[in-house]
Amino acid sequence: MNRSNKVVTLDSVIAFLKRTHGLYINGGWVDAQSRDTLPIYDPATGLQIASTVDANQQDVERAVLSAHKAFLSGVWSRRLPAERERVLLRYADLLEQHAEELAQLETLEQGKSINIARAFEVGSTLNWMRYTAGLSTKICGRTLDVSIPIPEGARYTAYTRKEPIGVVAGIVPWNFPLMIGMWKVMPALAAGCSIVVKPSELTPLTLMRMAELATEAGVPDGVFNLVTGRGAVCGGTLTTHPLVSKISFTGSTVTGKHIARSAVDRLTRLSLELGGKNPSIVLADADPQQVIEGLMMGSFLNQGQVCAASSRIYIEAPLFDRLAADFELAVKGLSLGPGMDMTAQINPVASRAHQQSVQAYLADAQDKRAEIISGKSVPAGDGYYVSPSLVINPDPGLLLTRNEVFGPVVTLTRVANAQEAIIQANDSDYGLTASLWTTNLKSAMDLVPRIEAGTVWVNSHTLIDANLPFGGFKQSGTGRDFGVDWLDAYTESKSVCIRH
């Protein structure tokens, strides 16, 4: 490897990895009651780089009580909106000051390209943090005209107000730990809530660092708490705790359903951003170069470990052979290597277990004689690599045809026309995102309403924005993140009626 392409690990990153890590509760690190620990691995090598606490029920109880006490005290919930905004803007500034440190931690624990860590995990997160900080001063209710007729001659003034919901449990996945973590933390704090956040046991390091920076920015003690651990005990205790008023979960549909069932018993407020088996429909009049450029990124960004990634591409027959050849050329040209190598285009997936899961889908397809086109061979060693792959005109019976693979595997399917493409695209339990590729405005306007997905792009895929609401249809989740109404999910509406 050319040394100039390899990122030199910062001393601050090395020092952070060497720490003995605890839990972040009431504004500082505390020792856990649990004696169990969890190893953190570098996906590029398979070597352990750190360890964290596997929190038990008593540890989670301590964190939730800290958050609840802080909320009741009003130290944050009753602070002036402009004051909360200033603190959260300082928080974003601190992320920017520590940008390279956080990007490197993200690459080392998750495996993604340092380029993606810098651009998305840090750069895009900054945009979201500043956008959400501004929402602190935009919380508003409505004044209402009411027609209460009694007693005769009485007059009424009515209005609604938004109040912070209380303690929020934020459950964060392993694919974009920093960015999605801040999608939990920032709206909770902007609304005046307290939060207990649980990162994935695979990728906790960047959020652990962000916990420290929250206190440095001026977030009061107890308002931001962080626990690390497995889902069964740590996550289960957090999401079923009676003092948690709101759960924000991003992850698998299976786990999301389990959380939803338990939340129903207590009527805990819930936002779920779950899986996707996202289709792209390419019409015959689409621009081939635009399609290749857009869907190569939309399909293989972060090794396809993106809930919004395009994984099913339906191409009208006149354009199919050309695009299939272009996709094959593009996939075979992708370079594989560690995330700290700035020239590597495909990096390892996040864990050994996930590598085996993706490989099992490909093995099933191969056993059933599917046509598979794979990219370059994976690097030697113990890294968690999977070669990027295309599956051509897959049989509906393949496991990867309907299940979310969440890896660098994409299907290309020939369709006769747009009608067939729409039918196949909608034939899924999921409905998170989709894209339509065409140069015909009428086709775009006619077909977009027929696609069953929470977000539909035209001539792009996967690109999101803080001002664009995001969430899923069907089994891809409930609720919406982002946009000017984002804080509605972290507040309760109170109606006030005054006789005068």
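Trainee: How many helices and strands does the secondary structure of the chain come to?
Mentor: The chain has 15 helices and 22 strands. Helices (H or I, at least four residues) and strands (E, at least two) are DSSP runs, numbered from the N terminus. This is a predicted model, where local features need pLDDT of at least 70, side-chain atom pairs count only at pLDDT 80 or more, and totals for chains, interfaces and linings use all residues. Residues are numbered from 1 along each chain as its sequence is written, and side-chain values use heavy atoms, with hydrogens and water left out.

Trainee: What percentage of the residues is buried?
Mentor: Of the 500 residues, 56% are buried. Buried means under 20% relative accessible area, exposed over 50%, partly exposed in between (1.4 Å probe, protein chains only).

Trainee: Now Thr 52. Which strand is Thr 52 in, and what does Thr 52 touch?
Mentor: Thr 52 lies in strand E4, residues 47-53. Thr 52 is buried, with a relative accessible area of 2%. Not counting residues up to four places away in sequence, Thr 52 touches several residues, including His 21, Asp 36, Pro 204 and Leu 205. Contact means heavy atoms within 4.5 Å.

Trainee: Leu 205, then. Which helix of the H4 and H7 contact has Leu 205?
Mentor: First the packing: helix H4 (residues 99-110) and helix H7 (residues 205-217) pack at about 155 degrees, with axes 8 Å apart. That makes H4 roughly antiparallel to H7. Angles over 145 degrees count as roughly antiparallel, under 35 as roughly parallel, 65 to 115 as roughly perpendicular and the rest as oblique. Axes are lines fitted to C-alpha atoms, for helices over the stretch in contact, and angles run from 0 to 180 degrees between N-to-C directions. Leu 205 is on the H7 side, with Arg 209 and Met 210 among the others; H4 brings residues including Glu 101 and Leu 105.

Trainee: And Val 30, buried or exposed?
Mentor: Val 30 is buried, with a relative accessible area of 17%. Val 30 lies in strand E2, residues 28-30.
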